[in-house]
Amino acid sequence: MIETEHTTIEKTVEKKPKNNLYATGKRKNSIARVWLIPNGKGDIKVNKKELNKYFIRPLFNMLINKPFETINNNNFDVKVSVKGGGLSGQASAIKLAISRALVSYDPKFRVALKKNGLLTRDSRVVERKKYGRRKARRSFQFSKR
């Protein structure tokens, strides 16, 4: 509690339970921070919104749920904080972070997740534009006459 001359302000700090599992994932310019809560109902919240409200396209929802389908276990609640990039990069970053958190929960999951390529960080990023060119590789239009 902070007291000043005229007002009293209470600071509330949200404490997370110690049994939560934390992991991060990256893809393109997106960074996802994921907290897995064991013994949950399978709820996934992305930036304090329901998964279906944040990612409207079913493809992204399927991508994010793939780690749980791989291990045949969806008894986790997931809280995600993601920033940067577009929706595709964010969905892939969340998928990687969930996979890493599941491995930290139970190392037996590693074999199945690794086999399906869910623990590999996709290192492809946008190539920078070069001088003397229109884009990264595209040249200016050539005119003979």
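At 16% relative accessibility, asparagine 20 counts as buried, because the cut-off for buried is under 20%. That value, like the others today, comes from a predicted model. Asparagine 20 sits in a loop, with strand E2 (8-9) on one side and strand E3 (21-27) on the other. Which residues does asparagine 20 touch, not counting those up to four places away in sequence? They are Leu36 and Ile37.

Now the chain as a whole. The protein chain has 4 helices and 7 strands. Read from the N terminus, the order is β-β-β-β-β-β-α-α-β-α-α. Of its 145 residues, 34% are buried. The accessible surface is about 10800 Å², and carbon and sulfur atoms account for 51% of that. If we take contacts between residues at least 6 apart in sequence, 64% of them join residues at least 24 apart.

My second residue is tyrosine 54, in helix H1, which covers residues 51-54. Is tyrosine 54 buried or exposed? Its relative accessibility is 18%, so tyrosine 54 counts as buried.

Leaving aside neighbours within four places in sequence, tyrosine 54 is in contact with Val46, Asn47, Lys49, Val82, Leu87 and Gln90. Take leucine 87 from that list. In sequence, leucine 87 and tyrosine 54 are 33 residues apart; in space, their C-alpha atoms are 9.0 Å apart.

Two others on the list, Asn47 and Gln90, also have polar contacts to report. The side chain of tyrosine 54 makes a polar contact of 3.4 Å with the side chain of asparagine 47. With the side chain of glutamine 90, the tyrosine 54 side chain makes a polar contact of 2.8 Å.

Methods. Residues are numbered from 1 along each chain as its sequence is written. This is a predicted model: local features need pLDDT of at least 70, side-chain atom pairs count only at pLDDT 80 or more; totals for chains, interfaces and linings use all residues. Side-chain values use heavy atoms; hydrogens and water are left out. Helices (H or I, at least four residues) and strands (E, at least two) are DSSP runs, numbered from the N terminus. Buried means under 20% relative accessible area, exposed over 50%, partly exposed in between (1.4 Å probe, protein chains only). Contact means heavy atoms within 4.5 Å. A polar contact is a pair of N or O atoms within 3.5 Å; within protein, one must be able to donate a hydrogen and the other to accept it, and residues adjacent in sequence count only if both atoms are side-chain atoms. Accessible areas come from the Shrake-Rupley method with a 1.4 Å probe; for residues, only the protein chains shown count as cover.
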